[in-house]
Amino acid sequence: MLLRTARSLTANPSDAEDLLQTALTKTYVAWDRIEDHRALDGYVRRALLNTRTSQWRKRKVDEFACEELPEPPGLPAPDPAEQQVLRDAMWRAVMRLPDRQRAMVVLRYYEDLSETQTAEVLGVSVGTVKSAVSRALGKLREDPELSPVR
(Lines give C-alpha, C1' and ligand atoms only; values in the text may rest on other atoms or scores of the structure.)
Protein backbone atom coordinates (compact mmCIF):
# COMPACT_ATOMS: atom_id res chain seq x y z
CA MET A 1 0.00 0.00 0.00
CA LEU A 2 2.89 2.36 0.77
CA LEU A 3 4.51 1.57 -2.57
CA ARG A 4 1.22 2.41 -4.29
CA THR A 5 1.20 5.77 -2.49
CA ALA A 6 4.83 6.40 -3.47
CA ARG A 7 4.04 5.41 -7.07
CA SER A 8 1.22 7.93 -7.16
CA LEU A 9 3.56 10.72 -6.06
CA THR A 10 6.17 10.07 -8.76
CA ALA A 11 6.14 9.55 -12.50
CA ASN A 12 8.60 6.65 -12.50
CA PRO A 13 8.33 3.26 -10.73
CA SER A 14 12.04 3.31 -9.86
CA ASP A 15 11.68 6.75 -8.29
CA ALA A 16 8.72 5.45 -6.29
CA GLU A 17 10.82 2.61 -4.90
CA ASP A 18 13.61 5.03 -4.01
CA LEU A 19 11.12 7.40 -2.39
CA LEU A 20 9.61 4.62 -0.28
CA GLN A 21 13.05 3.35 0.73
CA THR A 22 14.08 6.85 1.81
CA ALA A 23 10.86 7.33 3.80
CA LEU A 24 11.27 3.97 5.52
CA THR A 25 14.88 4.82 6.36
CA LYS A 26 13.77 8.12 7.88
CA THR A 27 11.13 6.25 9.86
CA TYR A 28 13.74 3.78 11.13
CA VAL A 29 16.04 6.62 12.20
CA ALA A 30 13.16 8.30 14.05
CA TRP A 31 11.86 5.07 15.60
CA ASP A 32 12.73 6.07 19.17
CA ARG A 33 10.91 9.41 18.78
CA ILE A 34 7.68 7.84 17.53
CA GLU A 35 5.41 7.62 20.52
CA ASP A 36 2.40 5.84 19.05
CA HIS A 37 3.50 2.90 16.90
CA ARG A 38 -0.12 2.22 15.98
CA ALA A 39 -0.01 5.43 13.90
CA LEU A 40 3.07 4.25 12.03
CA ASP A 41 1.25 4.09 8.68
CA GLY A 42 0.38 7.79 8.86
CA TYR A 43 3.92 8.62 9.93
CA VAL A 44 5.39 6.82 6.91
CA ARG A 45 2.87 8.46 4.56
CA ARG A 46 3.82 11.85 5.94
CA ALA A 47 7.51 10.96 5.48
CA LEU A 48 6.73 10.01 1.86
CA LEU A 49 5.04 13.34 1.19
CA ASN A 50 7.74 15.37 2.96
CA THR A 51 10.52 13.51 1.15
CA ARG A 52 8.81 13.96 -2.23
CA THR A 53 8.29 17.66 -1.52
CA SER A 54 11.98 18.03 -0.61
CA GLN A 55 13.01 16.20 -3.78
CA TRP A 56 10.73 18.39 -5.85
CA ARG A 57 12.21 21.55 -4.35
CA LYS A 58 15.76 20.33 -4.97
CA ARG A 59 15.18 19.08 -8.52
CA LYS A 60 17.53 20.10 -11.25
CA VAL A 61 16.66 23.01 -13.47
CA ASP A 62 17.28 20.90 -16.58
CA GLU A 63 13.87 19.26 -16.09
CA PHE A 64 11.26 21.05 -18.15
CA ALA A 65 7.53 20.64 -18.25
CA CYS A 66 6.18 19.52 -21.60
CA GLU A 67 2.80 19.13 -23.23
CA GLU A 68 3.00 15.34 -23.32
CA LEU A 69 4.54 13.06 -20.72
CA PRO A 70 6.98 10.59 -22.29
CA GLU A 71 6.22 6.95 -21.71
CA PRO A 72 8.87 5.25 -19.57
CA PRO A 73 10.81 2.62 -21.52
CA GLY A 74 10.16 -1.03 -20.86
CA LEU A 75 6.45 -0.87 -20.13
CA PRO A 76 4.43 -3.83 -21.41
CA ALA A 77 2.18 -3.38 -24.40
CA PRO A 78 -1.05 -1.64 -23.44
CA ASP A 79 -3.93 -3.95 -22.58
CA PRO A 80 -6.68 -3.67 -25.20
CA ALA A 81 -9.42 -4.01 -22.60
CA GLU A 82 -11.57 -0.93 -22.27
CA GLN A 83 -11.17 -0.71 -18.49
CA GLN A 84 -7.41 -0.66 -18.77
CA VAL A 85 -7.56 2.13 -21.34
CA LEU A 86 -9.75 4.12 -18.98
CA ARG A 87 -7.39 3.55 -16.04
CA ASP A 88 -4.39 4.62 -18.09
CA ALA A 89 -6.08 7.76 -19.33
CA MET A 90 -7.21 8.64 -15.81
CA TRP A 91 -3.78 8.06 -14.35
CA ARG A 92 -2.09 10.25 -16.97
CA ALA A 93 -4.60 12.97 -16.22
CA VAL A 94 -3.93 12.67 -12.48
CA MET A 95 -0.17 12.84 -13.08
CA ARG A 96 -0.63 16.14 -14.94
CA LEU A 97 -2.14 17.74 -11.84
CA PRO A 98 0.09 19.99 -9.72
CA ASP A 99 1.94 18.10 -6.96
CA ARG A 100 -0.22 19.33 -4.09
CA GLN A 101 -3.52 18.65 -5.86
CA ARG A 102 -2.25 15.26 -7.01
CA ALA A 103 -1.28 14.35 -3.44
CA MET A 104 -4.73 15.33 -2.18
CA VAL A 105 -6.56 13.43 -4.94
CA VAL A 106 -4.40 10.34 -4.38
CA LEU A 107 -4.94 10.36 -0.62
CA ARG A 108 -8.63 11.16 -0.94
CA TYR A 109 -9.65 8.75 -3.73
CA TYR A 110 -6.88 6.21 -4.30
CA GLU A 111 -6.05 5.72 -0.61
CA ASP A 112 -9.71 6.29 0.35
CA LEU A 113 -8.99 8.70 3.21
CA SER A 114 -11.65 11.10 4.44
CA GLU A 115 -11.24 14.85 4.02
CA THR A 116 -10.29 15.12 7.69
CA GLN A 117 -7.70 12.33 7.46
CA THR A 118 -6.24 13.84 4.28
CA ALA A 119 -5.99 17.23 5.98
CA GLU A 120 -4.22 15.66 8.96
CA VAL A 121 -1.71 13.77 6.79
CA LEU A 122 -0.88 16.90 4.79
CA GLY A 123 -1.01 19.28 7.75
CA VAL A 124 -3.59 21.59 6.17
CA SER A 125 -7.17 22.53 6.98
CA VAL A 126 -10.17 20.54 5.80
CA GLY A 127 -11.28 23.56 3.76
CA THR A 128 -7.96 23.55 1.91
CA VAL A 129 -8.44 19.88 1.05
CA LYS A 130 -12.01 20.51 -0.14
CA SER A 131 -11.08 23.45 -2.36
CA ALA A 132 -7.93 21.84 -3.81
CA VAL A 133 -9.74 18.58 -4.56
CA SER A 134 -12.59 20.51 -6.12
CA ARG A 135 -10.16 22.38 -8.41
CA ALA A 136 -8.37 19.12 -9.26
CA LEU A 137 -11.63 17.38 -10.16
CA GLY A 138 -12.55 20.36 -12.33
CA LYS A 139 -9.25 19.99 -14.20
CA LEU A 140 -9.89 16.27 -14.64
CA ARG A 141 -13.40 16.96 -15.98
CA GLU A 142 -11.95 19.33 -18.59
CA ASP A 143 -9.05 17.03 -19.58
CA PRO A 144 -9.34 16.41 -23.35
CA GLU A 145 -7.95 12.88 -23.01
CA LEU A 146 -10.86 11.92 -20.75
CA SER A 147 -13.59 13.55 -22.87
CA PRO A 148 -14.29 10.37 -24.95
CA VAL A 149 -15.04 8.55 -21.67
CA ARG A 150 -17.90 10.90 -20.89
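Reader: Which residues is Leu 49 in contact with, leaving aside its neighbours within four places in sequence?

Author: Leu 49 is in contact with Leu 9, Ala 103, Leu 107, Val 121 and Leu 122, where contact means heavy atoms within 4.5 Å. This is a predicted model, in which local features need pLDDT of at least 70 and side-chain atom pairs pLDDT 80 or more, while totals for chains, interfaces and linings use all residues. Residues are numbered from 1 along each chain as its sequence is written, and side-chain values use heavy atoms, without hydrogens and water.

Reader: Which residues touch the most other members of the largest nonpolar core?

Author: They are Ala 6, Leu 9, Leu 48, Leu 49, Met 104 and Leu 107, out of 19 residues. Such a core is a set of buried Ala, Val, Leu, Ile, Met, Phe, Trp, Tyr and Cys residues joined through side-chain atoms within 4.5 Å. Among the helices that each supply at least two residues are α1 (2-9) and α3 (40-58), and α2 gives the most, with four. Apart from this core lies another, of eleven residues, including Trp 91 and Val 106.

Reader: Why is Glu 111 called buried?

Author: Buried means under 20% relative accessible area (exposed is over 50%, partly exposed in between; 1.4 Å probe, protein chains only). Glu 111 has 8%, so the term applies.

Reader: What makes the Glu 111 and Arg 45 pair a polar contact?

Author: Their side chains are joined at 2.9 Å, and the limit for a pair of N or O atoms, one able to donate a hydrogen and the other to accept it, is 3.5 Å. Glu 111 is also in contact with Met 1, Arg 4, Thr 5 and Val 106.
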